[in-house]
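Please read the following note beside the sequence and the structure. The points are numbered, and each can be taken up separately.

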Amino acid sequence: MWAYDSVFYQIYPLGFCGAPRTNDGNLQHRIKKVKDWISHIQNLGCNAVYFGPVFDSDAHGYDTRDYSKIDFRLGTNEDFADVCKALHEAGIRVVLDGVFNHVGRGFWAFQDVLKNRGDSPYKDWLYINFDGNDGYQDGLWYEGWEGHYELVKLNLQNPAVVEYLFGCIRKWIDEFEIDGLRLDVAYMLDRNFLRQLRTFTDSCKPDFFLLGEVLGGDYRQTMNEEMCHSVTNYECYKGLYSSFNNLNLFEIVHSLLRQFGPENWTLYRGMHPLSFVDNHDVTRVASILSNKKHLPLIYVLMAGMPGIPCVYYGSEWGATGRKEDGDAALRVCFDMPQENSLTNWVAACAKAHRASDALCNGSFRSLVLQNQYCIFERKSEGDRVLVAVNAGDTAVHVDFDAGAGRARDLLTGEVHDFGGGTELPPYFAALWQIF
């Protein structure tokens with residue numbers, strides 16, 4: 001699967017393009033802006049873009065009106081096809097947000113139910129009770145996502161709904177040549193629907209990638225041979241930033257051991273969940289880290305740990321934004337990409353990850369672990385990398401069996417000699433590839 005050797009770049013298009021927060025019906029060709037960022041994405045070392053919602057919606061994109069056309073605020077289907085073509089020509093894969101659990105109130109089938117009530121042929125597409133009432137006083141009740149009535153839950157057990165959605169996916173593959181889908185709230189999706197979806201997309205495109213949004217629990221319930229290839233690794237997302245904020249690297253390393261370690265009870269060894277330090281739903285990493293000197297280090301850990309790294313647009317140069325200030329604070333518009341020392345460092349991390357089979361596909365083993373510093377091994381056939389991090393403000397000397405004499409840092413190109421022990425300077429990180 002191509003995604004396992006990739007580094008993703010996430011864009012939330014409506015915010016990225018500076019679109020109005022609610023659908024004004026005014027056609028603007030904003031999505032073309034992505035083409036101006038392609039060289040930046042390439043320079044960053046990313047070779048796949050995951051787009052948030054792009055289809056016609058009521059407001060934020062997760063309230064779809066029409067799965068067949070691009071949101072007016074972003075442009076036309078032809079505009080987006082042109083963007084996808086340019087990305088593909090640059091060697092960048094395209095993954096779209098598949099929002100299949102629920103739709104917006106403007107969704108055409110729901111509007112038909114509001115108009116025709118029990119006579120609507122689409123009444124069984126949704127979970128409707130004509131004897132009740134909803135928060136909008138429609139004179140009927142329907143199930144909304146987690147009680148949000150602006151998000152109308154689809155009945156994914158209805159074959160007509162499944163047929164409709166699969167027809168839309170086929171259209172996206174034909175029209176935009178997409179390479180995969182990120183499945184919104186995959187933890188709530190009907191499991192049989194996920195199996196049908198995997199079978200269908202495999203038949204459309206053998207290397208079609210399915211990424212499920214999963215918050216917790218046993219990821220194997222969704223990430224397996226019958227459903228999703230990958231899921232969002234929220235356990236390690238939390239472990240990454242809190243390990244630095246608490247100066248306790250035991251948290252993230254123990255999570256990685258539980259998920260990928262050498263023991264028989266390890267949960268996800270050989271699997272490739274999505275690694276991230278922030279996204280469109282959580283506080284940006286530059287705002288959540290209490291010590292900004294840890295910013296470069298957290299990206300090294302993300303690149304060095306098992307999984308598929310993903311960079312959220314703007315965070316590569318240290319953009320800030322807090323969840324408590326609302327989603328809009330996390331989904332802002334930047335006129336042009338910025339480059340600074342952090343941008344260059346994140347690029348080095350991404351390129352190092354893609355250049356190493358051990359970092360993409362290797363096993364995980366902890367070699368040295370203390371509160372403020374750690375060294376762990378990633379190993380595959382023919383490639384071995386040691387990931388070293390010192391989060392403290394003082395240097396430490398470490399004596400350990402590296403199983404080798406020398407290594408080259410994939411980030412800087414510098415040669416490291418393990419003879420006589422290893423010195424870890426303050427706020428230091430390295431990806432030592434053994435040679």
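1. A salt bridge here is a side-chain nitrogen of Lys or Arg within 4 Å of a carboxyl oxygen of Asp or Glu. By that criterion, a search of the whole structure returns 24 salt bridges. This is a predicted model, in which local features need pLDDT of at least 70 and side-chain atom pairs count only at pLDDT 80 or more, while totals for chains, interfaces and linings use all residues. Residues are numbered from 1 along each chain as its sequence is written, and side-chain values use heavy atoms, with hydrogens and water left out.

2. The domain assignment, whose bounds come from an automatic or database source, divides the chain into domain 1 (2-360) and domain 2 (363-434). The contact between them, where contact means heavy atoms within 4.5 Å, takes 30 residues from domain 1 and 28 residues from domain 2. The centres of domain 1 and domain 2, taken over C-alpha atoms, are 33 Å apart.

3. The size of an interface is often given as the accessible area lost when the parts come together. Buried area is used in that sense, as the accessible area (1.4 Å probe) that two parts lose on being put together, summed over both. Between domain 1 and domain 2 this area is about 2500 Å², and carbon and sulfur atoms give 75% of it. The count of salt bridges between domain 1 and domain 2 is 0.

4. A residue is called buried under 20% relative accessible area, exposed over 50%, and partly exposed in between (1.4 Å probe, protein chains only). On this scale H10 is mostly covered, with 9 of its 10 residues buried, among them Leu295, Tyr299 and Met302. Gly304 also belongs to H10 (residues 295-304) and is buried, at a relative accessible area of 0%. Leaving aside neighbours within four places in sequence, Gly304 is in contact with Leu359, Phe376, Arg378, Val387 and Leu431.

5. Two packed helices are described by the angle between their axes and the distance between the axes. The axes are lines fitted to C-alpha atoms, for helices over the stretch in contact, and angles run from 0 to 180 degrees between N-to-C directions. For helix H3 (residues 77-89) and helix H5 (residues 159-176), the axes come within 9 Å and cross at roughly 65°. On the H3 side the contact involves Asn77, Phe80, Ala81, Cys84 and His88, which meet Lys171, Glu175 and Phe176 in H5. These residues divide into 4 nonpolar, 2 polar and 2 charged, where Ala, Val, Leu, Ile, Met, Phe, Trp, Tyr, Cys and Pro count as nonpolar, Asp, Glu, Lys and Arg as charged, and the others, Gly among them, as polar.

6. Individual salt bridges can be checked in turn. The side chains of Asp79 and Lys32 meet in one, at 3.7 Å from N to O. Asp79 lies in helix H3 and Lys32 in the loop between helix H1 (13-16) and helix H2 (38-43), so this pair ties together parts that are 47 residues apart in sequence. Asp79 is buried at 7% relative accessibility, whereas Lys32 is partly exposed at 39%.

7. Glu377 forms a salt bridge with Arg365, with the closest N and O atoms 3.1 Å apart. Since Glu377 lies in strand E17 (residues 373-380) and Arg365 in strand E16 (residues 363-369), the pair ties together parts that are 12 residues apart in sequence. Glu377 counts as buried, at 5% relative accessibility, while Arg365 is partly exposed at 38%.

8. Arg198 forms a salt bridge with Asp202, the closest N and O atoms lying 3.2 Å apart. The two residues are 4 residues apart in helix H6 (residues 191-204), and are therefore separated by about one helical turn. Arg198 is buried, at 8%, and Asp202 is partly exposed, at 30%. Elsewhere, Arg93, Asp179, Lys205 and Asp207 are linked in a network of salt bridges.

9. Which residues have a positive phi although they are not glycines? Leu247 has a phi of about 45° and is placed in the loop between helix H7 (234-245) and helix H8 (250-260). Tyr427 has a phi of about 50° and is found in the loop between strand E22 (422-424) and strand E23 (428-434). Leu247 is partly exposed at 31%, and Tyr427 is partly exposed at 25%.
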